[in-house]
Amino acid sequence: MKKGHHYTIRLEHTLNPDGSTPDDQPVEFNFISHDEIFGILKKLKQRPDIEPETAEQLGLGIKLFGGVLLQHRNSELFSTLAPHFADFMKALKKSG
């Protein structure tokens, strides 16, 4: 078993803009992170410059995207973004 914190993400489409119920199937996947993500979300929610609801979306999005970015760091598509992502992460950590 791979080391790290193991997580499951489940995304459900619960309501369309017109109020109807969507028929999309939920998406669910597992991933592993070296970080304890709930601790990161808790810290982000305490920041005065990010609303708590937004903080959870941001934290989860960063961890998911950052993991994919690291997996594909040698890809031309992702390599152009990597320096900017690193700068953003440094600024986020420095200001928090």
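Q: What makes a run of residues a strand here?
A: In this predicted model, a strand is a DSSP run of at least two residues. Ser33 lies in such a run, strand E2. Phe29 is also placed in strand E2, which spans residues 27-33.

Q: Why is Ser33 called buried?
A: Buried means under 20% relative accessible area. Ser33 has 8%, so Ser33 counts as buried.

Q: What makes the pairing of Ser33 with Asp35 a polar contact?
A: The side chain of Ser33 reaches the backbone nitrogen of Asp35 at 3.0 Å. The cut-off for a pair of N or O atoms is 3.5 Å, and 3.0 Å is within that limit.

Q: Which residues does Ser33 touch, not counting those up to four places away in sequence?
A: They are Gly4, His5, Tyr7 and Lys63.

Q: Why is Phe29 called partly exposed?
A: The relative accessible area of Phe29 is 34%.

Q: Why does Leu69 count as buried?
A: Leu69 is at 7% relative accessibility, and the limit is under 20%, so Leu69 is buried. Leu69 sits in helix H2, residues 52-71. Beyond four places in sequence, Leu69 is in contact with Phe78, Ala82 and Phe85.

Methods. Residues numbered from 1 in each chain as written. Predicted model: local features only at pLDDT ≥ 70, side-chain atom pairs only at ≥ 80, totals over all residues. Heavy atoms only, no water. Helix = DSSP H or I, 4+ residues; strand = E, 2+ residues; numbered from the N terminus. Buried < 20%, exposed > 50% of the residue type's maximum accessible area, 1.4 Å probe, protein only. Contact = heavy atoms within 4.5 Å. Polar contact = N/O pair within 3.5 Å; in protein donor to acceptor, adjacent residues only side chain to side chain.
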